[in-house]
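This briefing walks through one structure, beginning with the surroundings of its ligand and ending with its charged side-chain pairs. Please keep the sequence and the 3D view at hand while reading.

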Amino acid sequence: MPLPPGPRAPALVNLIRFMRRPIESLLTWQARYGDVFTVRYAGFGTGVYVADPDAIRSLFSGDQRDLRAGEANSFLEPVLGQHSVLVLDGPAHLRQRKLLLPPFQGSHVAGFRKVIREVAEREVAGWRTGMRLVLRERMRALTFEVICRVVFGVTERERVRRLQTALMAVIDTGSLFLAPAPLRADLGRFSPGGRLARRLRAADAMLYEEIERRRAQHDLDQRDDVLSLLLRARDEEGRALSDTELRDELFTLLAAGHETTATALAFAFELLMRNPGVLARLCERLDDDAYLDATVKEALRLRPVIDGAERTLTVPREVGGWMLPAGVKVYPAILLVQRREDLYPRAHEFRPERFLEGAPSYSWIPFGGGTRRCIGAALAQAEMAEVLRVVLARVALLPERAEPDPVVLRGITLVPRHGVRVRVAPRADLGAGGEHAQSTRAPAVS
Ligand code: HEM
């Protein structure tokens with residue numbers, strides 16, 4: 001079965017090109033080969049991108065038995081564990097997912113907003129005029145604390161700090177997860193694998209300690225942090241999650257939820273700084289939830305943190321007019337579908353108003369879709385909205401770089417290469433005629 005056409009460059013060239021300039025590469029390939037194209041990547045194999053909204057919808061909806069998604073994340077299993085919702089497929093995936101979903105739904109997320117505001121206020125209280133910040137780093141600290149409080153239910157600062165040190169040490173070994181198994185092997189104290197194993201043991205010990213402490217807490221029935229809700233959750237056969245399952249899901253929620261949200265926030269601030277008109281409008285309407293949510297949606301449309309979901313076919317299947325063989329990886333192209341001119345006129349512009357005017361929600365998919373759709377989507381959007389609200393109400397952020405921060409691929413996510421470097425200024429600087437607007441030389445690009 002022939003695969004759809006795509007770039008003919010060697011697989012290593014495709015990979016390097018994609019890592020350095022992911023947005024431009026995808027847009028160029030789509031312009032050249034259409035909405036369904038094949039790319040060979042060194043080390044990651046061959047995948048078929050799909051940027052047609054109907055084809056994506058049929059991949060996300062309907063029977064999922066012939067599509068695997070967990071398999072693609074199996075490289076994370078040594079860290080996240082074999083019960084992680086991210087690495088499972090089929091009925092085992094659905095069981096974990098059903099147990100995990102309720103704590104992340106509407107009413108609970110509404111309750112988390114207050115905690116998010118408190119964490120954001122404490123963070124910004126430490127920012128002084130003239131201070132230089134790498135926003136993505138500050139946002140990482142903030143989103144980590146939010147996870148600790150709303151997911152793990154840990155509030156004591158010293159415990160948050162200890163958890164942060166132990167868990168970040170594992171996550172920061174990140175690049176090793178992508179390395180071949182022999183390189184990850186524990187070959188003694190000084191080997192990279194040995195270091196990872198040691199850090200994992202320390203992080204696990206802390207996670208099991210939190211699970212134990214929470215189980216023993218007398219007010220477990222009244223608590224609404226995610227861990228307490230998971231401890232009370234039962235599947236259809238009345239079974240609770242085991243401690244190992246709880247450990248694996250806690251690690252998964254942290255790994256999937258903190259850096260993605262931090263990056264999305266850094267991108268949102270970057271887009272706002274480069275679009276002073278939108279920034280001024282938002283600053284005037286910080287109490288307007290609809291405009292704030294539209295700004296968050298527009299930022300996630302133009303700067304999705306994950307450029308494409310991934311599904312592996314287990315049987316031959318028709319996708320976007322092509323018959324694809326079993327074993328092929330298909331990437332529903334989040335970035336490309338959100339850039340379609342027919343769905344989002346003047347798609348390269350940052351214009352939150354489009355979501356107030358009724359932009360098509362079925363093609364807005366920064367959180368993927370179907371039975372694999374991001375579990376933390378509502379939490380992430382609430383977090384982004386509340387952090388923007390708190391920060392913009394208190395300070396002005398001025399870009400340190402004249403040009404917008406280039407977007408590059410790091411691991412499996414798109415990130416601003418320099419982390420969005422800013423200088424803190426008093427809030428009074430904001431507005432169309434202020435220092436902020438003058439320092440903004442270039443509008444948002446690509
Ligand atoms: C802006 C921030 C975030 C973005 C852009 C994002 C994006 C995504 C995407 C694209 C997927 C794959 C969906 C698919 O394959 O169809 C995913 C899955 C997932 N996300 Fe997120 N995510 C974010 C924040 C979070 C947060 C805050 C949490 C939890 C605390 C979280 C937990 C998960 C989990 C557990 C999955 C796996 C779901 C499954 O396989 O059933 N994410 N996310």
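In this predicted model, a polar side-chain atom of Arg 311 lies 2.7 Å from an oxygen atom of the ligand. Arg 97 likewise places a side-chain N or O atom 2.7 Å from a ligand oxygen, and for Arg 372 the corresponding distance is 3.0 Å. Among the elements, H5 and H12 are those that give two or more residues to the shell around the ligand.

**The ligand and its shell**
- The ligand is surrounded by 25 residues, of which the closest are His 93, Arg 97, Arg 311, Gly 369 and Cys 374.
- By residue class, the shell divides into 14 nonpolar, 8 polar and 3 charged residues.
- Helix H12 gives the most to this shell, contributing 6 residues.

**The iron atom**
- The only protein donor of the ligand's iron atom is the SG atom of Cys 374, at 2.2 Å.
- Cys 374 is placed in the loop between helix H16 (353–356) and helix H17 (377–394).

**Helix H5**
- Helix H5, which spans residues 90–100, has His 93, Arg 95, Gln 96, Arg 97, Leu 99 and Leu 100 as its buried residues.
- The cover over these buried residues includes helix H11 (226–232) and helix H12 (243–274).

**Salt bridges**
- The count of salt bridges in the model comes to 40, and one of them joins the side chains of Asp 35 and Arg 340, with an N to O distance of 2.8 Å.
- Asp 35 lies in the loop between helix H2 (22–33) and strand E1 (36–41), while Arg 340 lies in the loop between helix H15 (334–337) and H16, so this pair ties together parts that are 305 residues apart in sequence.
- Within that pair, Asp 35 is partly exposed at 25% relative accessible area, whereas Arg 340 counts as buried at 15%.
- Arg 215 and Asp 243 also meet through their side chains in a salt bridge, at 2.0 Å from N to O.
- This second pair links distant parts of the chain, with Arg 215 in helix H10 (residues 192–216) and Asp 243 in helix H12, 28 residues apart.
- Both partners are partly exposed, Arg 215 with a relative accessible area of 40% and Asp 243 with one of 30%.
- A further salt bridge, at 2.9 Å from N to O, brings together the side chains of Glu 349 and Arg 346.
- Salt bridges that share partners join Arg 95, Asp 235, Glu 237, Arg 239 and Glu 245 into one network.

Note on methods
Residues numbered from 1 in each chain as written. Predicted model: local features only at pLDDT ≥ 70, side-chain atom pairs only at ≥ 80, totals over all residues. Heavy atoms only, no water. Buried < 20%, exposed > 50% of the residue type's maximum accessible area, 1.4 Å probe, protein only. Helix = DSSP H or I, 4+ residues; strand = E, 2+ residues; numbered from the N terminus. Contact = heavy atoms within 4.5 Å. Near = heavy atom within 4 Å. Polar contact = N/O pair within 3.5 Å; in protein donor to acceptor, adjacent residues only side chain to side chain. Nonpolar A, V, L, I, M, F, W, Y, C, P; charged D, E, K, R; others polar. Donors = N, O, S within 2.8 Å, 3.2 Å for Na, K, Ca; no water. Salt bridge = Lys/Arg side-chain N within 4 Å of Asp/Glu carboxyl O.
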